[in-house]
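Morning, everyone. I have one structure to walk you through today. Let me put it on the screen.

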Amino acid sequence: MIPAGFMPMDDSMGFMALSGPFYWREHAGGGYEYGFMSDERHANPNRVLHGGALTTFVDTLLGHAVVRASGRPCATIALNSQFVAGAPIGQWISGQARLQKLTRSLAFIEGEARAGDTLLITCTAIFKVFSDER
């Protein structure tokens, strides 16, 4: 079940359409929360959430946070992730991003994803922020 207040991300084409749907909502005090309902598509052979599914999710939510902060499109330059724990499929996976620094052309950001109170993955990333003239 999708928690109240979440809106679907625009992921109707390409790889994101295969991975999602992903959702987001804005917090009253600022910032965003992201999530997706894990299912059979997200499982690995051990019947737990695949690391690639988590990595796709955090890359997507980090990019979304950069676009919201900068008002411009972006692309991942570097993504470093650390897997902390596993989670069975069928759970709501939530994530958050924290923008560390935004320059004219780069964004430095970190994030994490959880299943309930269980931390699953942490990450840091650098995004190229495109100019309006792209």
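Let me begin with L102. L102 touches A69, S70, A107 and V129, leaving out residues up to four places away in sequence. Contact here means heavy atoms within 4.5 Å. This is a predicted model, so local features need pLDDT of at least 70 and side-chain atom pairs count only at pLDDT 80 or more, while totals for chains, interfaces and linings use all residues. Residues are numbered from 1 along each chain as its sequence is written, and side-chain values use heavy atoms, with hydrogens and water left out.

Back to L102. It sits in strand β5, residues 92-102. Strands are DSSP runs of E, at least two residues, and helices are runs of H or I, at least four, numbered from the N terminus. L102 has a relative accessible area of 34%, so it is partly exposed. The cut-offs: buried is under 20% relative accessible area, exposed is over 50%, partly exposed is in between, with a 1.4 Å probe and protein chains only. Now look across to R114. L102 and R114 are 12 residues apart in sequence, yet 25 Å apart in space, C-alpha to C-alpha.

Is S94 buried or exposed? S94 is in strand β5, and its relative accessibility is 15%, so it counts as buried. Beyond four places in sequence, S94 is in contact with E33, Y34, G35, F57, E112, A113 and R114.

Then Q96, also found in strand β5. At 33% relative accessibility, Q96 is partly exposed. Q96 touches H27, Y32, L61, E110, G111 and E112, again not counting residues up to four places away. H42 is 54 residues from Q96 in sequence and 19 Å from it in space, C-alpha to C-alpha.

Next, the core. How many residues does the largest nonpolar core have? It has 28, and those with the most contacts inside it are Y34, F57, I93 and F127. By nonpolar core I mean buried Ala, Val, Leu, Ile, Met, Phe, Trp, Tyr and Cys residues joined through side-chain atoms within 4.5 Å. β3 (32-37), α2 (51-70), β6 (106-115) and β7 (118-129) each give two or more residues to this core. The largest share, 8 residues, comes from α2.

Stay with F127 for a moment. With residues up to four places away set aside, F127 touches D59, L62, G63, V66, C74, A75, T76, I77, S105, L106, A107 and I109.

G63 is on that list, and G63 lies in helix α2. Its relative accessible area is 11%, so G63 is buried. Outside four places in sequence, G63 is in contact with C74 and F127. G63 and A75 are 12 residues apart along the chain, and their C-alpha atoms are separated by 7.1 Å.

Which residues are closest to the centre of the largest pocket? Its volume is about 200 Å³. Of the 14 residues that line it, M16, G63, C74, A75 and F127 are the closest to its centre. A quick word on method. On a 1 Å grid over the protein atoms alone, a pocket is an open set of points where a 1.4 Å probe fits, with protein on both sides within 12 Å along at least five of seven lines; lining residues have an atom within 4 Å of a point. Grid points are joined across faces, edges and corners, and the volume is the space filled by probe spheres set on the points.

Helix α2 supplies the largest share of the lining, 5 residues. α1 (14-19), α2 and β4 each supply at least two. The lining divides into 8 nonpolar, 4 polar and 2 charged residues. Here Ala, Val, Leu, Ile, Met, Phe, Trp, Tyr, Cys and Pro count as nonpolar, Asp, Glu, Lys and Arg as charged, and the others, Gly among them, as polar.

Now R72, in the loop between α2 and β4 (74-83). Buried or exposed? R72 is buried, at 16% relative accessible area. A polar atom of its side chain lies 3.2 Å from the backbone oxygen of F130.

Last, the backbone. The peptide bond from G20 to P21 is cis, with omega near 10 degrees. R47, not a glycine, has a positive phi of about 70 degrees. Most residues other than glycine have a negative phi, and most peptide bonds are trans.

How values were computed. Polar contact = N/O pair within 3.5 Å; in protein donor to acceptor, adjacent residues only side chain to side chain.
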